[in-house]
Amino acid sequence: MQQDLDERLWSVFGTENAVENDMFDAVDHGILVGNLAGLLAIELGCDEIFYREIMRAGILHDIGKLQIGQYLYGRDNAVLQVEEMKYVRMHPKLGYDKLSQFGGFSELLLQAVLHHHENYDGTGYPDNMRGDKIPFAARILRICDVYAALISERPYRGAFDSSTAVEMMIDEARHFDMRVFLAFLSLVHSEEIGEIWKFAGDVNAGFRKRGDCMFAGGKGADMGTGKPEGMEKLREDVRGKWKFRVGERYRLSEYRRNAEGIPAVCTGMEMR
């Protein structure tokens, strides 16, 4: 199953014509969010079907950004900041459309990708959904996406340490489902989070190494320019990173959850 998952997810990324640095960043961030979301789903007592789908959704949630990378982070000085935000807000729908056209993904995953920027107080996008109207999987991704972004290097800032990231998230807690956020706070202070920090540290080191070239004027190789050696290097790098799974020591079968059952929103029922 692991090999099938890896090949299928790579197939989606492999259809994009993206700047190489963007591809690396999307994969790194996606793996980080996917593993966080998987751990949080377990913390919430979700079943194995939900766990697998939320990890997939986490890995793919920003696939839409690869279609608009040329407009982001000031690469084009002619693009105004307000226009940049307009493009950013397009990426959940672009990702949803991309995955729908690709086919074979569950409705749970598609809805999580489409709504991972909705805020619990109704101030998010693309549909300004509020409260429990936001799909449960999207509420999980929202929290994991914010944390993963804060502890990661960005072209415009350095990474925050975990304690600072959590404090910043508490200040914006109105954006999150409080039940999910409290489970996240429990997770972020557990032993299991250590592997997340280690992976994030490795990703940040790689980002800084690539950034030496990028900030010197390079944008990375275009993935669609027919350079097979660059594409193969990226493919092998991606395959290696997908082996990172924090769930190995934190299995669902070992998790002590209430014998009375799992909430319906946290099961494979949402996929039907």
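A cavity here is a set of points, on a 1 Å grid over the protein atoms alone, where a 1.4 Å probe fits but cannot get out, and lining residues have an atom within 4 Å of a point. Grid points are joined across faces, edges and corners, and a volume is the space filled by probe spheres set on the points. This is a predicted model, in which local features need pLDDT of at least 70 and side-chain atom pairs count only at pLDDT 80 or more, while totals for chains, interfaces and linings use all residues. Residues are numbered from 1 along each chain as its sequence is written, and side-chain values use heavy atoms, with hydrogens and water left out.

The count is 1 cavity of 30 Å³ or more, and the largest cavity holds about 30 Å³ of space. Among its lining residues are Glu118, Tyr120, Arg142, His175 and Asp177.

Now for the helices, which are DSSP runs (H or I, at least four residues) numbered from the N terminus. The axes of α8 (residues 162–171) and α9 (residues 178–188) come within 12 Å and cross at roughly 170°. That makes the two helices, α8 and α9, roughly antiparallel (angles over 145 degrees). Axes are lines fitted to C-alpha atoms over the stretch in contact, with angles from 0 to 180 degrees between N-to-C directions. Contact means heavy atoms within 4.5 Å.

| Helix | Residues meeting the other helix |
|---|---|
| α8 | Ser162, Val166, Met169, Ile170 |
| α9 | Phe181, Phe184, Leu185, Val188 |

Key
On a 1 Å grid over the protein atoms alone, a cavity is a set of points where a 1.4 Å probe fits but cannot get out, and a pocket is an open set with protein on both sides within 12 Å along at least five of seven lines; lining residues have an atom within 4 Å of a point. Angles under 35 degrees count as roughly parallel, over 145 as roughly antiparallel, 65 to 115 as roughly perpendicular and the rest as oblique.
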